[in-house]
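Me: I have not looked at this one before. Could you take me through it?

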Amino acid sequence: MNFQTGNDDAPALRIIPRDQHAISRKSISKAALRVLYRLNEAGFDAYLVGGAVRDLLLGGHPKDFDVATNATPDEVKKLFRNCRLIGRRFRLAHVVFGPEIIEVATFRGTGEDDTEGDRHIVDGRIVRDNIWGTIEEDAVRRDFRVNALYYDISDFSVRDYVGGMQDVADRVLRLIGDPVTRYREDPVRMLRAARLAAKLEFRIDAPAAAPFEALGPLLTEAAPARLFDESLKMFLGGHGLKSFRMLEQCGLLKFLFPSTARALERGDHALRSLVEQGLANTDARVIEGKSVTPAFLFAVLLWGEVRDHAHAWIAQGMELSEAWARAAAHVVGEQCQRVAIPRRFTFTMEEIWSLQPRFEQIQRKRVFRLLAQPRFRAAFDFLLLRAEESPAMRELGQWWAHAQQLPQDVLAAALPAASGPIGPDAPAAVAVGRPPRKRRRRRKPSGKSGSA
Ligand code: ATP
Ligand code: MG
């Protein structure tokens, strides 16, 4: 751990009294206040810390409240009945209030002097970090200066050890300490820089951004499960589109989603607008408080690669459904080596993809079978997104939207009974309520999903 704050004139402790900052107890969750007061009354130091303090200073609504204290996890446990101790890498106390969990962390030290606990560093990376320390030490081991501000429940002041208040005012993310050392300790901090810059609309300080190119490859060694968690924070937190653009701009996308990054670098404009529209729709849903599934979003991000593989294998003569199933399995297999998407999500992704070619088979039995699929809704939403790919796809999406509105008998009467895919004329005919034209054999038999 590097104790410096990046320059020799490291700022000393600055205490900002209650009347000089914007944090009001009204904006702090009741649960967090209870934890802070209880610790304080028991004689411990207790602070709100991290993202919550930063977001409150910026006038935002923190989604979680973290507490830092000089009480050890065992001491915290003794104070709260509703408390469980978790974590190996970082031992923490969780105090549970119904759906809300307040994370209480003991100040972590550096292990260089008289401290208790243990720390393990392998190849410059911290793998276990349970050394208790002082608040000063706790501050400098945090990532960005804006994330190292402490709200003191004993006098409602904010304590700033590293210059975080200045950065909040300047809207900039500066790392604490030497950027290369800090990214080597934990490469995920590079993703956090991109994510927080997107979420807060802050710029990343030049020295914090400079190592991305050289150290980005370290992300391929990060734990895939952690990268999955970080991906959810980036893409499902309501700032997905901005995070995605920021990741790309920082040159980090290719370490998380290599195939997506490659396709976009090749200038696949249709894929770009599909991905961006998918992220924008997800952001809108999150902001409206609607549910979002990681499966849909990952299906969007990886679509280009799945589609291209399926088309290539179909062109080589592989049967349609097998080609799609194999393409899906192949892309999921590769992706999960980087970002460990849990099986329950990859399963849904594979279903969404493999239903896509079936939207092009406008024939009575097949249409009704597809409408009855449990995954129809997600697959249809995905089809609507594919309107970004081509006008034919847009038309197909409109046809299916209309088909769902029709009474079953009307729809059945309008559909040809014959099997096999028919041309894009048929959907249009049904959509405007005309009887479908006589089925015309296409000159080229096509197993492809018209999206090429
Ligand atoms: P968000 O608003 O997305 O929750 P956050 O900054 O609160 O952002 P958390 O993951 O909740 O992010 O982390 C809480 C705090 O823990 C951070 O503000 C920071 O002080 C510290 N922290 C988190 N991850 C790291 C890391 N990889 N290295 C150093 N400090 C970290
Ligand atoms: Mg947080």
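Me: Let us start with Arg54. Is it buried or exposed?

Reply: This is a predicted model. In it, Arg54 has a relative accessibility of 4%, so this residue counts as buried.

Me: Which side chain does Arg54 meet in a salt bridge?

Reply: The partner is Asp55, with an N to O distance of 2.9 Å. Asp55 is buried as well, its relative accessible area being 8%.

Me: How many salt bridges does the count come to?

Reply: The count comes to 29 salt bridges. In general, side chains of opposite charge can pair when their charged atoms come close.

Me: What does Arg145 pair with?

Reply: Arg145 forms a salt bridge with Asp167, and their closest N and O atoms are 2.8 Å apart. Arg145 lies in the loop between helix H4 and S9, while Asp167 belongs to helix H5, so the pair ties together parts that are 22 residues apart in sequence. Arg145 counts as buried at 9% relative accessibility, and Asp167 counts as buried at 0%.

Me: And where do Arg262 and Glu305 lie?

Reply: Arg262 is in helix H13 (residues 258–265) and Glu305 is in helix H15 (residues 294–315), 43 residues apart, so the pair links distant parts of the chain. Their salt bridge has its closest N and O atoms 3.8 Å apart. Arg262 counts as partly exposed at 42% relative accessibility, whereas Glu305 is buried at 17%.

Me: Which residues are linked in a network of salt bridges?

Reply: Such a network links Arg266, Asp268, Arg307, Asp308, Arg386 and Glu389.

Me: Changing topic: how many aromatic pairs are there?

Reply: The count comes to 17 aromatic pairs. One of them joins Tyr47 and Tyr150 edge-to-face, at 5.8 Å centre to centre and with 85 degrees between the planes. Tyr47 is in strand S2 and Tyr150 in strand S9, so this pair ties together parts that are 103 residues apart in sequence. Both tyrosines, Tyr47 and Tyr150, are buried.

Me: Why is the pair of Trp399 and Trp400 edge-to-face?

Reply: The ring planes of Trp399 and Trp400 stand at 85 degrees, with the centres 5.0 Å apart, so the pair is edge-to-face. The cut-off for that label is an angle over 60 degrees. Trp399 is buried at 1% relative accessible area, and Trp400 counts as buried at 0%.

Me: Which residues do ring pairs link into a cluster?

Reply: The cluster consists of Phe228, Phe235, Phe244, Phe257, Phe298 and Phe345. Elsewhere, a ring has a charge over it: the charged end of Arg25 sits over Phe156, 3.8 Å from the ring centre.

Me: Going back to the tryptophans, which residues are buried in H20?

Reply: Trp399 and Trp400 are among them, together with Met393, Leu396, Gly397 and Ala403. Seen down the axis of H20, the buried residues fall within an arc of 160 degrees, so they line one face of the helix. Pro391 and Gln405, on the other side of H20, are exposed.

Me: How many residues does H20 have?

Reply: Helix H20 has 15 residues (391–405), and it reaches 22 Å from its first C-alpha to its last, close to the 21 Å expected.

How values were computed:
Residues are numbered from 1 along each chain as its sequence is written. Chains are lettered from A and ligands numbered from 1 in the order in which they are written. This is a predicted model: local features need pLDDT of at least 70, side-chain atom pairs count only at pLDDT 80 or more; totals for chains, interfaces and linings use all residues. Side-chain values use heavy atoms; hydrogens and water are left out. Rings of Phe, Tyr and Trp (its six-membered ring) pair if their centres lie within 6.5 Å; planes under 30 degrees apart count as stacked, over 60 as edge-to-face and the rest as tilted. Helices (H or I, at least four residues) and strands (E, at least two) are DSSP runs, numbered from the N terminus. Buried means under 20% relative accessible area, exposed over 50%, partly exposed in between (1.4 Å probe, protein chains only). A charge sits over a ring if NZ of Lys or CZ of Arg is within 6 Å of the ring centre and within 35 degrees of the ring normal. The expected span of a helix is 1.5 Å times one less than its number of residues. The arc is that of the directions from the helix axis to the C-beta atoms. A salt bridge is a side-chain nitrogen of Lys or Arg within 4 Å of a carboxyl oxygen of Asp or Glu.
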